[in-house]
Amino acid sequence: MSELRWHPILEEWVITATHRQNRTFLPPDDYCPLCPTKPGAFPTEVPAEDYEIVVFENKFPSLRNPAPKPSVEETGLYKVRPAQGICEVVCYTSRHTGTLTDATLDEMRNLVDVWADRYRELGSLDFIDYVLIFENKGRDIGVTLFHPHGQIYAFPYIPPKPQRELESALKHHNRTGRCLFCDIMDEEKRDGRRIVAENDSFVAAIPFFARFPYEVYIFSKRHHQSMLTFTVEERGDLANILKVVLLKYDNLWGMSLPYMMIMHQAPTDGRDYGHYHYHIEFHPPNRTKEKLKYLAGCETGAGSYINDTVAEEKAAELRAAEPSTENGTFLRLDG
Amino acid sequence: MNKRKIILDDRRYLIFYSFKDAGTGQKPAPARRRENRDAENKRGRRKS
């Protein structure tokens, strides 16, 4: 069963997807469904002996096209809609072990091209209003497959968090005539203490308002709404700063840091979102090497986050982590 | 970047993205027209 159920109190859609209870859960390495299919071995999701990057429709999708008829009738209070959309899996590499941090700069650059292509193609579908590119990494985030991969959800509506960002960005623009995200970036650069890394086209910072201790935002310096207007150089610079941030995360405590990586771009519903600004958010759950930040009563019940740290101190830790940006945050990796 | 889309047994699609020999993503230089090529051959290629 899969459908959209309206939450009349919060005024947002909830996706039910009961079939996902049966999805593959931490299979042994020999039975990884995201590996290439080797001769004589069991058939994986990818019918090829090798690949560079593959994208395929999720076998256990939350949203699908065509969507099944909802299992319940709606009422005046409880609206129901088909869970129409597309859920894709993006396999970053055919190598089973490792993480996105291990990608070479060329591989990272290729992934940027794939992300842009998926945003363009999925966003062009008439029933898709929003394309969310993201990665859940690590057992602590709840991943069910360890093969390096990300996901893309193409929604038939604008989800609540991007919707809230769009509204606050529009309010700020109407009030000041400026972009909210450009102003945030300017304020972070003016202060400097929360900047983690920087290159010609992007700034990475733990912003003033961070809710998680190591919550890094990557902002494009130019006012883009999506990757589609990036220049070739900007795509390369995005690959570069992603690699820098990921290396810093893993070198912070000498362990592969779990995170949620989320890319926020303009909706694809055909409206003008010139007031919005492209960015990537990282939400690592760790507050120390051994301790996690849980979304407990206050966060889940009140929607109010308690951050046990301050961004200025945590950004200094990330600047010091290799590759160090401690003596100036401008860093460009080569090769 | 090259794309190859296939349909799996259960009707889902899968796309292979490949980059080897696909260049840097920049537009390739336009092919020289035959008449320009012939003219260059007559006067000899210029060094860049």
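Helix α1 of chain A is mostly covered, with 15 of its 19 residues buried (under 20% relative accessible area, where exposed is over 50% and partly exposed lies in between, using a 1.4 Å probe and protein chains only). This is a predicted model, in which local features need pLDDT of at least 70 and side-chain atom pairs count only at pLDDT 80 or more, while totals for chains, interfaces and linings use all residues. Residues are numbered from 1 along each chain as its sequence is written, and side-chain values use heavy atoms, leaving out hydrogens and water. Helices (H or I, at least four residues) and strands (E, at least two) are DSSP runs numbered from the N terminus. Helix α1 covers residues 105-123 and reaches 27 Å from its first C-alpha to its last, close to the 27 Å expected (1.5 Å times one less than the number of residues).

The contact (heavy atoms within 4.5 Å) draws 18 residues from chain B and 25 residues from chain A. The area buried between the two chains is about 1,700 Å², with carbon and sulfur atoms giving 54% (accessible area, 1.4 Å probe, lost on putting the two parts together and summed over both). In chain B, B:R12, B:Y13 and B:Y17 lose the most area to chain A, together 37% of what that side buries.

Four salt bridges are counted between chain B and chain A (a side-chain nitrogen of Lys or Arg within 4 Å of a carboxyl oxygen of Asp or Glu). A:D117 pairs in this way with B:K3, the closest N and O atoms being 2.9 Å apart. On the side of chain B that touches chain A, the elements giving two or more residues are β1 (2-7) and β2 (13-18), and β2 gives the most, with six residues.

Within chain A, A:R194 is buried, at 3% relative accessible area. Its side chain meets that of A:E312 in a salt bridge (2.6 Å, N to O). This pair links distant parts of the chain, 118 residues apart: A:E312 lies in helix α6 (311-320), and A:R194 in the loop between α3 (180-191) and β8 (195-198). A:R194 also forms a salt bridge with A:D191, at 3.9 Å between the closest N and O atoms.

Definitions and conventions. Chains lettered and ligands numbered in written order.
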